[in-house]
Amino acid sequence: MKKLTNYFALMLMVAICLPMMITACSDDDPWTPTPTPVPTTNSAGCITDQAKLDMIYSLVDLEGNKGRLYEMTYTVDYKLDEALDFGIDGTGTLTKFVASKLFDQYPPASKSMKLSYDAGCSAFAAPDSKTGNYLMGRNFDFNHFAPGTKDRVMIPAIVVHTAPKGGKKSVSLVDGKFVDYNQGFYNDTKSDLSMLMALPYLLLDGINEDGFAVSVLKLDGLPTRQDSIGKKTIFTTVAMRMCLDRASTVKEAVAMLNKYNMHMDKEKASYHFFMADATGDYAIVEYTDANTSNYPTNMEVLTGNDTLRCVTNFYVSPTMAGTKHGIVISEHGKKRYENLRAGLLGYNYRVTPTQAKDLLKIVAQGPNDSQASTGFTQWSEVFNLSKKTFSVSILREWDKTFEFGIEQKK
């Protein structure tokens, strides 16, 4: 097991049965994605079960064969109950869970490539000014650099559909580089595809069939490490999977999080959640301690006024306001936050989907931006929580949008 952990420890750094409707279009050249999987000769050396292999080899490249945006329908059991009982407190134990519960055999020892990175995301929620539908916007910003360089490594984004037995259907997005997959990994003739089994636990944002959506954003400072007696331990992405599978509303998601000890293992980062739902509710969930020398443990739920409709990469809790990582002092994402606040206020906190996309454009980060060292916009989403749909643009290619929706209950 030690060799196994070494093999994948650096891979997991963050760390469906019914297909969703998918369309893709360009303003200049409308088209639909390839309806069949892209052929590959890549192996999945840890998988022998035919149902799992069929799922892995069903991956679709939504742009034909560019290797930038893939889709998978996850059709086998990813054993959420066992994950919640496993005591997953970070990427190491998540690796062990995937290998022992989702793989069919252990991988050989191998050296994994090291990466350096930083992150800076943005999110907001507002009603649609024309229809009254509830919207949520989200930029996922994350830099990946080759070891010891400033050479950016381009990622594959993976859209993951899930429909667990007894749970809620959902769709989420994964940064494939977190399991060491580069753009075009699926048919590069060298990448082992076994880690596609981990996709349900690698999500960074998503929406479920009831219109509940959640995203995770980085904070500076020590990681959250709760240790209340009598509570099981849960890791960031496992918590998000639990909420998408089992919560219909923000209030239900918050109640679920309260039952677990949140544990984040990246020593120089914590995270907060931004969530919203089809009732119009929204919240920022943070884990705080005014003494930044301590691991934060106090869960706070911040909601109830329009100033909290957006978030970037500093604590918004009054508990943290006077600290170097709080809203008053921190500069991590401050300009993006100010631009989001000003944009939402200018629209009187009610935006159309087009205006929501325009706000994401304003706070998107690219290679030539002043904040490019702290983030790089990998994808941008506008969720319609009322319709249970969302649109995605990758790499600030605003004229090309991919639309996803969840089949509604009968």
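## A facing pair in the sheet

Val 171 stands opposite Ile 207 of β8. This pair comes from a predicted model.

Strands of a sheet pair through backbone hydrogen bonds, and the pairing can be parallel or antiparallel. In this model, β7 and β8 are part of an open sheet of nine strands. The order across the sheet is β2-β3-β6-β7-β8-β9-β12-β13-β14. Its pairing is mixed. The edges are held by β2 (60-61) and β14. Each has a single partner strand, so one side of each has no neighbour in the sheet.

## The whole chain

The protein chain has 410 residues, and buried residues make up 60% of them. Its secondary structure includes eight helices and 18 strands. The accessible surface comes to about 15900 Å². Carbon and sulfur atoms account for 51% of that surface.

The largest nonpolar core has 122 residues. Leu 196, Leu 257, Phe 273 and Met 275 have the most contacts inside this core. Take Leu 196 and set aside residues up to four places away in sequence. Leu 196 then touches Ile 56, Met 72, Tyr 74, Ile 158, Tyr 181, Phe 185 and Tyr 186.

## Strand β13 and its two partners

How many residues of β13 are buried? Seven of the seven are, so the strand is largely enclosed by the rest of the structure. Both faces of β13 are covered. On one side, Tyr 282, Ile 284, Glu 286 and Thr 288 are buried. On the other, Ala 283, Val 285 and Tyr 287 are buried.

β13 pairs with β12 through four bridges, and these two strands run antiparallel. Five bridges join β13 to β14 (residues 298-302), again antiparallel. Val 285 shows both pairings. Phe 273 stands opposite Val 285. In β14, the bridge partner of Val 285 is Val 301. Phe 273 is also one of the residues with the most contacts inside the largest nonpolar core.

β12 and β13 form a hairpin, with five residues between them. Gly 280 sits in the turn and has a positive phi of about 95°. Asp 281 is in the loop between β12 (269-276) and β13 (282-288).

Is Asp 281 buried or exposed? Its relative accessibility is 18%. Buried means under 20%, so Asp 281 counts as buried. The side chains of Asp 281 and Lys 251 are joined by a polar contact of 3.1 Å. Leaving out residues up to four places away in sequence, Asp 281 touches Val 250, Lys 251, Met 275, Ala 276 and Thr 303.

Val 250 is in helix α6 (residues 250-257). The buried residues in this helix are Val 250, Ala 253, Val 254, Met 256 and Leu 257. Seen down the axis of α6, they fall within an arc of 160°, so they line one face of the helix. What do the buried residues of α6 pack against? They pack against α5 (236-246), β11 (260-263), β12, β13 and β14.

Helix α5 is mostly covered: ten of its eleven residues are buried. Among the buried residues are Thr 236, Met 240, Arg 241, Cys 243 and Asp 245.

Lys 357 lies in helix α8 (residues 353-363). Which residues does Lys 357 touch, not counting residues up to four places away in sequence? The answer is Val 382, Ser 393, Trp 398 and Thr 401. With Thr 401, Lys 357 makes a polar contact between side chains, at 3.0 Å. Lys 357 and Ser 393 are 36 residues apart in sequence. Their C-alpha atoms are 9.5 Å apart in space.

Trp 398 is in the loop between β17 (389-394) and β18 (400-405). Trp 398 and Leu 360 are 38 residues apart along the chain. Their C-alpha atoms are separated by 10.0 Å.

Methods: Residues are numbered from 1 along each chain as its sequence is written. This is a predicted model: local features need pLDDT of at least 70, side-chain atom pairs count only at pLDDT 80 or more; totals for chains, interfaces and linings use all residues. Side-chain values use heavy atoms; hydrogens and water are left out. Contact means heavy atoms within 4.5 Å. A polar contact is a pair of N or O atoms within 3.5 Å; within protein, one must be able to donate a hydrogen and the other to accept it, and residues adjacent in sequence count only if both atoms are side-chain atoms. Buried means under 20% relative accessible area, exposed over 50%, partly exposed in between (1.4 Å probe, protein chains only). A nonpolar core is a set of buried Ala, Val, Leu, Ile, Met, Phe, Trp, Tyr and Cys residues joined through side-chain atoms within 4.5 Å. Two strands pair if DSSP finds at least two bridges between them. Accessible areas come from the Shrake-Rupley method with a 1.4 Å probe; for residues, only the protein chains shown count as cover. The arc is that of the directions from the helix axis to the C-beta atoms.
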